[in-house]
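Have a look at it first.

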Amino acid sequence: MLQKTIEAGLWGLLAGSALLLGAAIGYFARVPQRLVAAIMAFGAGVLIAALSFDLMNGAYERGGMDATAIGFLAGAAVYSLANHMINKQGARHRKRSGAQQPSEEQQSGSGLAIAFGALLDGIPESIVIGVSMIQGGAVSSVAVAAVFLSNVPEALSSSSGMRRAGRSPRYIFGIWAGIALASALAAVVGFTMFRGVSPDVVAGTTALAAGAILAMLANTMIPEAFEQAHDLVGLVTVAGFLAAFGLTKLSEEGAAAERERRAAPEQGPAEPEASHPRAPSGP
């Protein structure tokens with residue numbers, strides 16, 4: 001149990017570490033905003049595919065349509081309400097790479113609001129990583145890969161906007177390091193808190209996280225991508241969706257092959273067939 005708990009935390013930390021990678025690129029490199037938007041669109045496509053084929057499908061198989069639908073709508077509602085509240089404090093443009101983010105002088109308390117907003121965006125994804133380990137004890141490679149791939153453009157775009165707003169490197173990297181650690185903790189909570197509960201609760205929790213992720217995409221990532229990439233955003237989003245879809249199918253095929261290998265009875269070498277003398281032919 002302890003070993004699996006630590007493993008869940010490490011997987012969450014791995015996915016969260018992509019935030020620091022994206023933050024470093026966004027802060028130190030002068031990445032064109034159009035390229036940032038394209039990467040953001042790709043990350044959005046990855047997450048849409050992951051929540052469609054991995055999260056929602058898994059929730060439905062565990063708890064049926066009722067638990068899945070209730071959790072999905074509840075996740076979107078809770079995220080939207082929390083997002084509305086922190087947006088009023090200055091976090092509305094926290095994912096923007098341009099000059100839309102307010103500085104602390106322009107709007108007092110906006111720095112703290114942006115930090116809470118970034119945390120709000122990242123926690124549902126990390127909880128899913130821990131929940132995915134409950135059944136079978138193995139983490140969902142699709143969930144980890146999707147979160148990692150989407151975290152890079154999220155932090156890249158946001159950190160670029162923070163730098164333009166005049167925020168210090170300590171503030172920027174402190175936020176993303178804190179959220180990376182919070183991601184590890186959220187994965188541990190997802191694994192330990194929901195272990196042993198009914199399938200309906202696990203399904204509802206998974207769908208809740210999926211609803212929150214989709215609401216986050218619609219409110220933050222997709223608007224940033226469209227504002228800069230315009231006509232390219234659809235194609236790049238589809239490319240991200242296809243990449244995650246392919247990863248999902250590869251994971252499913254690998255799991256199916258492993259189940260067949262374990263189910264196959266152990267057989268020794270085949271014994272040679274005994275030779276029988278041929279009966280004499282008649283006259």
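## A hidden threonine

Thr68 sits in helix H2; helices here are DSSP runs of H or I with at least four residues, numbered from the N terminus. Is Thr68 buried or exposed? Thr68 is buried, with a relative accessible area of 3%, where buried means under 20%, exposed over 50% and partly exposed in between, using a 1.4 Å probe and protein chains only.

Beyond its neighbours within four places in sequence, Thr68 is in contact with Met56, Ala59, Tyr60 and Ala207. Contact means heavy atoms within 4.5 Å.

## About the model

This is a predicted model, in which local features need pLDDT of at least 70 and side-chain atom pairs pLDDT 80 or more, while totals for chains, interfaces and linings use all residues. Residues are numbered from 1 along each chain as its sequence is written, and side-chain values use heavy atoms, leaving out hydrogens and water.

## The nonpolar cores

A nonpolar core is a set of buried Ala, Val, Leu, Ile, Met, Phe, Trp, Tyr and Cys residues joined through side-chain atoms within 4.5 Å. The largest one has 31 residues, and Leu47, Leu51, Leu55, Ile213, Leu217 and Met221 touch the most other members. Helices H2 (33-91), H4 (141-164), H6 (199-229) and H7 (233-263) each supply at least two residues of this core. H2 gives the largest share, 14 residues.

A second, separate core has 13 residues, including Ala8, Ala15, Val147 and Ala187.

## An exposed leucine

Now to helix H1, where Leu10 lies. Leu10 is exposed, with a relative accessible area of 53%.
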